[in-house]
Every structure is written in structure tokens, then in C-alpha cells.
Amino acid sequence: MKLTSRLIACHMTTLIIVATLLSVACAPGSMVVLATTAEPTSTATPTATPSPAPGLIPTSTPVFKSVSDQQKQDFIKKTGEYTYDNMKNKLFCVGAREDKIYNLGVVNYDCNSTFREVVVQGWLLSYREENGNLVLEVGFDSRDSTERVIKDVLIPLYFYQQNRGSGIGLGFINYDFWERADSTITDLGMKNNANSIVDQISNFMDKPMLFEFYSYFSAVPRLIELYGEKAAKSSVDLINSNSSAVNQLLCEISDNGENIKYSVTFEPESGALILAGVYACFN
């Protein structure tokens, strides 16, 4: 499953950079977790959030922005402004005639012996600063697309602060036109300043974005060359826990008609969804 040839070409130019944010092992196989359907609720699925290391200076005014609780309930129940008909014109699509409009679910899945890339379309419902992370509440269509689920997705601001100067950050890719097949895309590079990340993310409150989770599980000499041994190793260690959370996400959200199969080689310590990059129309 591919987005467009232009997106892949642009993404591959930053493959090594974004790859520092994940390290997971996977190979084609069978689903390892059964999909479950939760009762409608406005509370995001709890996740284990990495704790910032001692010495982190917290923000004096914690960041918080959210849609209303009623809007979250409407989103989950697909009512009001959150019916498919009301949302479809905002969703990501491909094809000269909008041949495919993607649900809030998997848009791209690619896995080989070197890396795994998972790109999902989600609806941003809130963000908050917590334990040195920017925690995004992101909504998705359920596996059978009959309901919706809300998940916490983490941006590790504290980690970027601790590794200032290394170049490690959150990758941003801009679409000139979100819903058009002829849209050009631009790599905006890595953002590691908390204010700039929040400024970018805030533009998409109550809108869809593409969220990228990345794995890089072969040798990492290039990462060490780019960021130094300490920063490269720390980034890999941070995201080693991402595997089970991404696999669980794949089991719970719409796969947009694709039969995704996978397996993992180890049990992680945490269930946090830690973000590697985002695609959106930043103009």
C-alpha cells in the first residue's frame, strides 16, 4: 500500500533521520492480538508514558487544548458534525478522481528486513503537556469501521530538550493541497523546539493528519554518524517499547481494506505510541 510515488520519494530522503525515533523487529506473519471493540467513551485509552529524566525544567504554563466532551462523544458515536458525510471532504484521498478516500486508519504499511513504517490517518481531538511529553488525543475508525476509538499519541519533548544540538526531532512533511491527487509535498525537516512543535500541531485541532510510526532495526552506524553515539543509542532505546502499542493500534483501527499481517520478536516494556513524524497541509 503506497501513498503516492512523490510522497515515497520525498520520505526516503529523510528515512535515516526519522528512523532514529523507533527500533522494532517485524516480519510478515499472523496477527498476534485479537481486535476488540470498546464501549463508546470520551476517555482515551490509557498508555504508559515515559517519564522525563531528572533535571527537566517543566514549562511554566502547561499546554492544553481540546474539543469539548460532547464533541468527543459525537466523534465516537459518529453523530453531529462527525458523520462520515460531514467529514469525508476533509479526509486524505488519492487518485485523480478521488479514487480512494481513506478512513481514519492505516494509510501506509511497509515492512522489510531494514525498517517498518506505519502511517495512519487520525483526527486530532486534544493535546496536553504531561510529564515532559506532548500527549495528543487522536481519534480513529474502529477495525470494522462501525465505531471509533481514541488513543494517546506521545511527542517526547523532554527527550528533544535533553538532546538539544543533536538534530533529533519530530519530522514534518507538508502537503500543498491535502485532498488533491496532484498535491506537491515538501520535507519541512526535523522540529525539536517545543514551541515550534506546539505551534504546528495547534493548527490541526479538530482536523485530520497523517501520523507516522517508524522502526529501524538493522545496524545504525549512519545514525551514530549523524547524531553521535549517545544520542543515537538513547533514541533507539526510548522507542524500543513502541512495538506492542503499534501492533495493538493496527488491530483496533481500520486497515482501509488491506490485510496487514505481522509478528514481533520481543515483548516491550511499555505500551506508549511515540510519534516519529507527521504529514499534513501546513500552508
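Good morning. A residue is called buried when its relative accessible area is under 20%. With that cut-off in place, let me turn to the model, which is a predicted one.

I begin with the charged residues. The structure contains 7 salt bridges. In one of them, K72 pairs with E137, and their closest N and O atoms lie 2.6 Å apart. This pair connects distant parts of the chain, since K72 sits in helix α3 (residues 69-77) and E137 in strand β7 (residues 133-141), 65 residues apart. Both partners, K72 and E137, are buried.

Another salt bridge joins D141 to R148, with 3.0 Å between the closest N and O atoms. D141 has a relative accessibility of 5% and therefore counts as buried; R148, at 6%, is buried as well. K78, D141 and R148 are linked in a network of salt bridges.

R128 and E130 also form a salt bridge, their closest N and O atoms being 3.0 Å apart. Here E130 is partly exposed, because its relative accessible area is 29%.

What does F211 contact beyond its neighbours within four places in sequence? Its contacts include V118, V119, V120, L136 and L275.

Finally, the cysteines. C93 is buried at 4% relative accessibility, and C251 is buried at 1%. The disulfide count is 0. Thank you.

Methods. Residues numbered from 1 in each chain as written. Predicted model: local features only at pLDDT ≥ 70, side-chain atom pairs only at ≥ 80, totals over all residues. Heavy atoms only, no water. Disulfide = S-S within 2.5 Å. Buried < 20%, exposed > 50% of the residue type's maximum accessible area, 1.4 Å probe, protein only. Contact = heavy atoms within 4.5 Å. Salt bridge = Lys/Arg side-chain N within 4 Å of Asp/Glu carboxyl O. Helix = DSSP H or I, 4+ residues; strand = E, 2+ residues; numbered from the N terminus.
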